[in-house]
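This report is an introduction for a reader who has not seen this structure before. Please look over the sequence and the model shown here, then read on.

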Amino acid sequence: MSRDYYIYNLRQAKFFIDAGLPLVEIGVGTHRDVFHRFARNEESERVFEEWNSNKPTGFQKDDINARCDTSSVQRTRHDR
């Protein structure tokens, strides 16, 4: 099992690169998705922890529902 980081998220890969981590490889995974491989070491662990502490958490379900007012949307016969 490899100890390297395989990053499939392009924003996260850019974050790692901007933090000065050397890129080991860019490749294509088994699902034909692009990955960026970084060596796993003390510095990359620190950057990974920084990424996890700063990344957006996303919306909570209630926040999304509160912002979506569909009361003025008319239903079609396909929606019934």
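How many helices and strands does the protein chain have? The protein chain has three helices and three strands. The model is a predicted one.

## Overall layout

Along the sequence, the elements of the protein chain come in the pattern β-α-β-β-α-α. The protein chain has 80 residues, and buried residues make up 19% of them.

Among the contacts with a separation of 6 or more, 55% are between residues 24 or more positions apart.

## The nonpolar core

In soluble globular proteins, nonpolar side chains tend to be buried together. Which residues form the largest nonpolar core? That core has seven residues, namely Tyr5, Ile7, Ala13, Phe16, Leu21, Phe38 and Val47. Strand β1 (5-7) and helix α1 each supply at least two residues of this core.

Ile7 is one of the core residues. Setting aside residues up to four places away in sequence, Ile7 touches Gln12, Ala13, Phe16, Val34, Phe35, His36 and Phe38.

## Helices α1 and α2

Two packed helices are described by the angle between their axes and the distance between the axes. Helix α2 covers residues 42-54, and α1 packs with α2 at an angle of about 130 degrees. The axes of α1 and α2 are 10 Å apart. Are α1 and α2 oblique or roughly parallel to each other? Angles under 35 degrees count as roughly parallel, over 145 as roughly antiparallel and 65 to 115 as roughly perpendicular, with the rest oblique. The angle is about 130 degrees, so α1 and α2 are oblique to each other.

The crossing of α1 past α2 is right-handed. On the α1 side the contact is made by Arg11, Gln12, Phe15 and Phe16, and on the α2 side by Val47, Phe48, Glu50 and Trp51.

## Gln12

Helix α1 spans residues 10-18 and includes Gln12. Is Gln12 buried or exposed? Buried means a relative accessible area under 20%. Gln12 has a relative accessible area of 10%, so Gln12 is buried. Apart from its neighbours within four places in sequence, Gln12 is in contact with Ile7, Phe48 and Trp51. Phe48 and Trp51 are among the α2 residues that make the contact with α1.

Glu25 is a residue of strand β2. Its relative accessibility is 33%, so Glu25 counts as partly exposed. With neighbours within four places in sequence left aside, Glu25 is in contact with Phe35, His36 and Arg37. Glu25 and Phe38 are 13 residues apart in sequence, and their C-alpha atoms are 7.3 Å apart in space.

Val34 is placed in strand β3. Val34 has a relative accessibility of 40% and so counts as partly exposed. Residues up to four places away in sequence aside, Val34 touches Ile7, Tyr8, Ile26, Gly27 and Val28. From Val34 to Ile7 there are 27 residues in sequence, and 8.5 Å in space from C-alpha to C-alpha.

## The loop at Arg32

Where is Arg32 found? Arg32 is in the loop between β2 (23-28) and β3 (34-38). Its relative accessible area is 76%, so Arg32 is exposed.

Most residues other than glycine have a negative phi. Arg32 is not a glycine, yet Arg32 has a positive phi of about 65 degrees.

Terms used:
Residues are numbered from 1 along each chain as its sequence is written. This is a predicted model: local features need pLDDT of at least 70, side-chain atom pairs count only at pLDDT 80 or more; totals for chains, interfaces and linings use all residues. Side-chain values use heavy atoms; hydrogens and water are left out. Helices (H or I, at least four residues) and strands (E, at least two) are DSSP runs, numbered from the N terminus. Buried means under 20% relative accessible area, exposed over 50%, partly exposed in between (1.4 Å probe, protein chains only). Contact means heavy atoms within 4.5 Å. A nonpolar core is a set of buried Ala, Val, Leu, Ile, Met, Phe, Trp, Tyr and Cys residues joined through side-chain atoms within 4.5 Å. Axes are lines fitted to C-alpha atoms, for helices over the stretch in contact, and angles run from 0 to 180 degrees between N-to-C directions. A crossing is left-handed if the near helix is turned anticlockwise from the far one by less than a right angle, and right-handed if clockwise.
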